[in-house]
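Hello,

Here is the structure I promised to pass on to you. Have a look at it first, and my notes follow below.

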Amino acid sequence: MNEQLFSHFYFYGDLLGTAVFAVSGALAAAEKRMDILAFCLFGVLTAIGGGTARDLILNRDAVFWVADDIHLHIALASAVMTYFFAHSLSSISKPLVWMDAVGLSIFCVQGSAVALTLGASPTVAVVMGMMTATFGSIIRDTILDRPAVLLGPEIYVSAALVGSTTYVIMAEYDAINTLALLTGTAAAFTLRAAAIIFGLQLPKFKGISGYKRGR
Amino acid sequence: MNEQLFSHFYFYGDLLGTAVFAVSGALAAAEKRMDILAFCLFGVLTAIGGGTARDLILNRDAVFWVADDIHLHIALASAVMTYFFAHSLSSISKPLVWMDAVGLSIFCVQGSAVALTLGASPTVAVVMGMMTATFGSIIRDTILDRPAVLLGPEIYVSAALVGSTTYVIMAEYDAINTLALLTGTAAAFTLRAAAIIFGLQLPKFKGISGYKRGR
Amino acid sequence: MNEQLFSHFYFYGDLLGTAVFAVSGALAAAEKRMDILAFCLFGVLTAIGGGTARDLILNRDAVFWVADDIHLHIALASAVMTYFFAHSLSSISKPLVWMDAVGLSIFCVQGSAVALTLGASPTVAVVMGMMTATFGSIIRDTILDRPAVLLGPEIYVSAALVGSTTYVIMAEYDAINTLALLTGTAAAFTLRAAAIIFGLQLPKFKGISGYKRGR
C-alpha cells in the first residue's frame, strides 16, 4: 500500500473509531435515560478516556485532544447526534459493532506506537496499547455502575492485546513502521471479527470456594 | 468593581467553594457511617478532585494543591469538622446548598480561565471548566457506589456549562478579564439558583426499547 | 543497620509488596470468575495504581513503572500465577495478609519519601504516602463494583497514615533518612499488625438521621 494512502486510511480510521466509541458511550447514557449533557459526558469519556490515560502516564507534552481538539469535537458531535437519532441507531447496531472493531484495532496499535515513540519499553508499550483501546469504556461503565462490558465473556481486550503485541514485536525487530501498524491492526481486527462471528471466549477462572476475600 | 476588591472576593470565594465541596464529600461518608479517615478521603476528593484532573490533563507545571497546600488544609479541616459537627450541619443544609452554588459558579469559570491561560482551545477550556466544578463529586459517588448526584435530574452540570461558556466567549472577544470572570460566575450562579428555586431540569432522553447494549 | 543492607531490604520489600498487592488484585478477579486478562488487569491496577496516581500528581519526570518496568513484570507474573495457583493460595491466605502488611508499610513510607524529594509540603507528602499504599485497591474495588475493602471497619488506611506521618515528621527534623524510613515502616507495620491480631477499628460516625443528601 502506498505510504500516503496508508496515512490517510489511518487518520480517518482513527476519527471513525473516535466517533463510534463516542456513540457507544452515549448509548450507555441512553440506557439510563439521562439528559443530553450526560450523553456528551459519557460519549467523550469513552472516546478519549483511554488515550488520555495513556498520554498522562507517558508524560506526553500535551494530551492529544488538548493539542488538537478535533477528537473532542467529533466525540461531542457524535454524542449529540446519538441523543437525537438513537432510535435510528438501534437499527444499525450491527454495523456499529463492526465500526467499533475498526476503532479497537486502530486504537490499540496506535497507543503502542505512541508509547514506543516516547521511549517506553515493549511491555509498557503493549499495556499502553490495551489501555488506549479499552480504558474509556471501563471508566464509563464504572461511573454508570454497570458491570464493565469489556470484562464480560466475549473476547475484546484480548484482541487489543494481540494487536498491540504484534505491532510491538514487529517494531522491535525493525519492521517498516507502516507494515507493523497494518499487521497489528489486521491481527486485532481478525481476532475481534472471529469473536463477533463465532462468540469466542477466553476460559473463565473455574473458581475456588472458601478463600477469604483479599485485603 | 474595584480590581483589588474583586481579586479578594475571588480568592475567598474559591476557598469557600473548597470548604463547602469538602463538607458535601464528608457528608457522603457520613451517610455510609464511615470513620474519620473516610470523611477526610471523600472530603478531599470532592473538593480538589476536579481541579486535579484539570491540572493533570493540561499538563500544568504543578497541581494547584501541591504548589500551595492551603486548599488541602481547608478540605481536611472541613472534613474533620463535618465528622464532629454533622448533627448541626443537618440544620444548615439549606445554606449549604447555596454555598455549594457559589463554589460551583466560581470553580467552573476559574477552571476555564486556567485552561485559556495555558493555551487551550475554547472547546477544551469549556470542558475543563465543567470538569473542575463537577469531577470531584462524580468520582466520590462512583467510589461510594451510589448514583452520581450530578447526573441526576436537577440542573447542575448545565450551570457549569453556561458559566464556562460565557466566560470563554467573553475572553475570546478580549473582554476585560475581571468582567468576563464576573459575568461567567453570575451566569452559572443565576442558572443554578433558578434550578434550586424552581427545580429546573433538562429533558431526559425519552428512550427506545430494543437496541442491544453497546460494546 | 548497615546502609547497604538496608537499601537491599527496602528494594526487595518493595518488590514483595508489589507481588502481594498484585495477588490480592487478581484474587478479586477470581471472586468474580473472570478470565486471565482480567486477573492481569486487576493485579496490575492494585499493585501499581497508587504509585501511578502519586507520580502523576507530583508531576514526576516519569511514572516509576514506565521508567523501569520491573514492577510491571512482577505484577503481571504474580497475576498469572494467581490464575493458575489460586487454589493453593487459599491455603496461604494467612501469610498473604502479613505480606500485604509489609507491602503497605513500605509503600506508604516510600510514597512520602518520593513526595518530599520532589519538594512537596509535609501535608502533601503524608497524603501521597497514603495514596501510594491504598489507591490501587480502592480503584480495583470501584471498578469491580464491590465496597472498598480499605474503607471497611478494620484499621488499614490509618496504618498508612501513621507510617507516613512518622516518616515525614522525622524527615522534617532532619533525622537520618534510613532511620526515618525504618521508623515509619515499623510504625505502620506495628499498627497494622495490631489491627490484624486484635481486630482494631476506628470509631464509626454515629450517624444522624434526617439531613438531606448533599449535592
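To begin with one residue: in which helix is the place of W65(A)? W65(A) sits in helix 3 of chain A, residues 64–67 (helices are DSSP runs of H or I with at least four residues, strands are runs of E with at least two, and both are numbered from the N terminus).

Before going further, please keep in mind that this is a predicted model, in which local features need pLDDT of at least 70 and side-chain atom pairs count only at pLDDT 80 or more, while totals for chains, interfaces and linings use all residues. Residues are numbered from 1 along each chain as its sequence is written, chains are lettered from A and ligands numbered from 1 in the order in which they are written, and side-chain values use heavy atoms, with hydrogens and water left out.

**The tryptophans and the core**

W65(A) counts as buried because its relative accessibility is 3% (buried is under 20% relative accessible area, exposed over 50%, partly exposed in between, with a 1.4 Å probe and protein chains only). Leaving out residues up to four places away in sequence, W65(A) touches I48(A), T52(A), H71(A) and L72(A), and also I57(B), V124(B), V127(B) and M128(B) (contact means heavy atoms within 4.5 Å). From T52(A), W65(A) is 13 residues away in sequence and 8.0 Å away in space, C-alpha to C-alpha.

The largest nonpolar core has 214 residues, and W65(A), W65(B) and W65(C) have the most contacts inside it. Such a core is a set of buried Ala, Val, Leu, Ile, Met, Phe, Trp, Tyr and Cys residues joined through side-chain atoms within 4.5 Å.

**How the chains are related**

**F205(B)**

F205(B) lies in the segment after helix 8 (177–198) of chain B. F205(B) is buried, with a relative accessible area of 3%. Apart from neighbours within four places in sequence, F205(B) is in contact with A30(A), R33(A), M34(A), F39(A), Y83(A) and A86(A).

**Cavities**

How many cavities of 30 Å³ or more are there? The count comes to two. A cavity is a set of points, on a 1 Å grid over the protein atoms alone, where a 1.4 Å probe fits but cannot get out, and lining residues have an atom within 4 Å of a point. Grid points are joined across faces, edges and corners, and a volume is the space filled by probe spheres set on the points.

The largest cavity holds about 200 Å³. Of its 21 lining residues, L56(A), N59(A), L56(B), N59(B) and N59(C) are the closest to its centre. Helix 2 (36–57) of chain A, of chain B and of chain C each give two or more residues to this lining.

The second largest cavity has a volume of about 70 Å³. Its lining includes Y156(A), V157(A) and D35(C).

Best wishes

Technical notes:
On a 1 Å grid over the protein atoms alone, a cavity is a set of points where a 1.4 Å probe fits but cannot get out, and a pocket is an open set with protein on both sides within 12 Å along at least five of seven lines; lining residues have an atom within 4 Å of a point.
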